[in-house]
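Subject: Structure for your review

Dear colleague,

Please find below the structure that I would like to hand over to you. My notes on what was found in it follow directly after.

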Amino acid sequence: KGKEPNRVITLVKRGEGANEPAAVQFKRELAELMKEKSILPEQPDIVKLGRPGWKERYYANKFPELTNEKQRAHVAYKFAEGLCWVMRYYYDGCASWKWF
């Protein structure tokens, strides 16, 4: 004990969140953080869907290694084949684990 045993120190918070319970403050700060993290930076519209040349811009941006229509058609075919496999899996069970 010091020289003044009856002395009381009081902590007073000021500003945002002053004197709110810790749980309330945590929830508020978490909500603010989640909102901040959910905002994505603005992305430029490279493809410009609907404007002349959109298909070439799409493939150049998303699949730069596909240089001709034959390669693009092959990718489209394999995509459709994969969709068929998924549909068959959900309706009939696994058709082939080797294919997957």
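Does Tyr-90 count as buried or exposed, and what is its relative accessibility? The model is a predicted one, and in it Tyr-90 has a relative accessibility of 64%. Buried means under 20% relative accessible area and exposed means over 50%, so Tyr-90 counts as exposed at 64%.

Tyr-90 is part of helix 3, which covers residues 69-92. This residue also contributes to a nonpolar surface patch of about 760 Å².

Aromatic rings

Searching the whole structure gives five aromatic pairs. One of them joins Tyr-89 and Tyr-90 in an edge-to-face arrangement, with 5.3 Å from centre to centre and 85 degrees between the planes. Tyr-89 has a relative accessible area of 34%, which lies between the limits of 20% and 50%, and therefore Tyr-89 is partly exposed. Elsewhere, ring pairs link Tyr-58, Tyr-59 and Phe-63 into a cluster.

Helix 3

How far apart are the end C-alpha atoms of helix 3? They are 34 Å apart. The helix has 24 residues, and at 1.5 Å a residue it should span 34 Å, so the two values agree.

The buried residues in helix 3 are Arg-72, Gly-82 and Trp-85. Helix 2, residues 54-62, is included in what covers the buried residues of helix 3.

Arg-72 deserves a separate note. This residue lies in helix 3 and has a relative accessible area of 13%. Since buried means under 20%, Arg-72 is buried. When residues up to four places away in sequence are not counted, Arg-72 touches Tyr-59 and Leu-66. Tyr-59 also belongs to the ring cluster with Tyr-58 and Phe-63.

The loop between helix 1 and helix 2

Where is Lys-48 found? Lys-48 is in the loop between helix 1, residues 22-38, and helix 2. Its phi is near 55 degrees, which is a positive value in a residue other than glycine. Lys-48 has 33% relative accessibility and so counts as partly exposed.

I would be grateful if you could read these notes with the structure open beside them.

Yours sincerely,
A colleague

How values were computed
Residues numbered from 1 in each chain as written. Predicted model: local features only at pLDDT ≥ 70, side-chain atom pairs only at ≥ 80, totals over all residues. Heavy atoms only, no water. Patch = residues over 30% accessible without salt bridge, like charges linked within 9 Å, V, L, I, M, F, W, Y side chains within 5 Å. Areas by Shrake-Rupley, 256 points an atom, 1.4 Å probe, with all protein chains shown as cover. Salt bridge = Lys/Arg side-chain N within 4 Å of Asp/Glu carboxyl O. Helix = DSSP H or I, 4+ residues; strand = E, 2+ residues; numbered from the N terminus. Buried < 20%, exposed > 50% of the residue type's maximum accessible area, 1.4 Å probe, protein only. Phe/Tyr/Trp six-rings, centres within 6.5 Å; stacked < 30°, edge-to-face > 60°. Expected span 1.5 Å × (residues − 1). Contact = heavy atoms within 4.5 Å.
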